[in-house]
Amino acid sequence: MKSVLIIGMGRFGHHLAHNMLELGNDVMIIDIDERKMEDLVPYATNAKIGDCTNPEVLKSLGIANFDFVFVCIGTNFQSSLEITSLVKEMGAKHVVSKATRDIQAKFLLRNGADEVIYPEKDIAEKCAERYSVDNVFDYIELDDDSAIYEIPPLKEWVGRSIREADIAHRFHVMVLGVRDPGDKTKIMPSADYVIDGDEHLIVLAAREAITKLLKSMEMIKPEKREKAKKVRKRR
């Protein structure tokens, strides 16, 4: 469990606070507009109304006591920059600031941010990767060269065990899990696990390896893709 301060209750800050609370963290929220916090106030560890560009307001929060400080100001970059600098000067252990452009990230990192996140850019990249090819049902980027993909099995793998298909050696991908049509996932299946044609595989792979694998796949029938999408929507 972490102690977290979230500054700015815009859409991203609001969702971040909600998810942090669901995971059992101590979360303090603050925004200049009380209306943006109303639904979270009963659940947050603490909530305060205030302008965080005012050093006195920040001092009252006990910045150094939090494990993470998130600066989620989305519409006023000048305010985001000022707050990032101030919280770091006041002893924040780890400052994570939201940016929308690379130039903003550079200034934030120079002025106190330990880390910069791009929510819109990250989601756009994930969507582009996922929807550019029919055979990727989900995607989590790890770094510039590798990611975790949810893909259908090759036709030649069906009815064979992971060991018999020799997936890791022949295709340079590691099977981390198997997801059935009911959306239940088996994590780290054994090498003797027999692959079913209706399942999806969760695999870790370098981009180069997954690109070669996807090119070797037969196109999944449209009705099967639509069925898979409907199942995912019910999650």
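**Walking through a predicted model**

Trainee: Which strand holds His 200?
Mentor: Keep in mind that we're looking at a predicted model. His 200 sits in the stretch of residues 200–206, and that stretch is strand 11.

Trainee: Is His 200 buried or exposed?
Mentor: The cut-off for buried is under 20% relative accessible area. His 200 comes in at 7% relative accessibility, so it counts as buried.

Trainee: Which side chain makes a polar contact with the side chain of His 200?
Mentor: For this you want a pair of N or O atoms within 3.5 Å. The pair here is 2.7 Å apart, and the partner is the side chain of Glu 150.

Trainee: Switching to the open sheet, what is the order of its six strands?
Mentor: The pairing is parallel, and the order reads 3-2-1-4-5-6. Strand 3 (46–49) and strand 6 (115–117) each have a single partner strand, so one side of each lacks a neighbour in the sheet and the edges are strand 3 and strand 6. From one strand to the next, the twist averages 15°. So, the order again: 3-2-1-4-5-6.

Trainee: What is the bridge partner of Leu 5 in strand 4?
Mentor: Strand 1 (residues 3–7) and strand 4 (residues 68–71) run parallel, joined by four bridges. In strand 4, Leu 5 is partnered by Val 69.

Trainee: What angle does helix 3 make with strand 5?
Mentor: Helix 3 (residues 77–89) packs on the sheet, where it touches strand 1, strand 4 and strand 5 (95–98). Its direction relative to that of strand 5 is about 180°.

Trainee: And at what angle does helix 4 run to strand 6?
Mentor: Helix 4 covers residues 102–110 and lies across strand 5 and strand 6. Its angle to strand 6 is about 155°.

Definitions and conventions
Residues numbered from 1 in each chain as written. Predicted model: local features only at pLDDT ≥ 70, side-chain atom pairs only at ≥ 80, totals over all residues. Heavy atoms only, no water. Helix = DSSP H or I, 4+ residues; strand = E, 2+ residues; numbered from the N terminus. Buried < 20%, exposed > 50% of the residue type's maximum accessible area, 1.4 Å probe, protein only. Polar contact = N/O pair within 3.5 Å; in protein donor to acceptor, adjacent residues only side chain to side chain. Pairing = 2+ DSSP bridges. Axes fitted to C-alpha atoms, helices over the stretch in contact; angles between N-to-C directions. Contact = heavy atoms within 4.5 Å.
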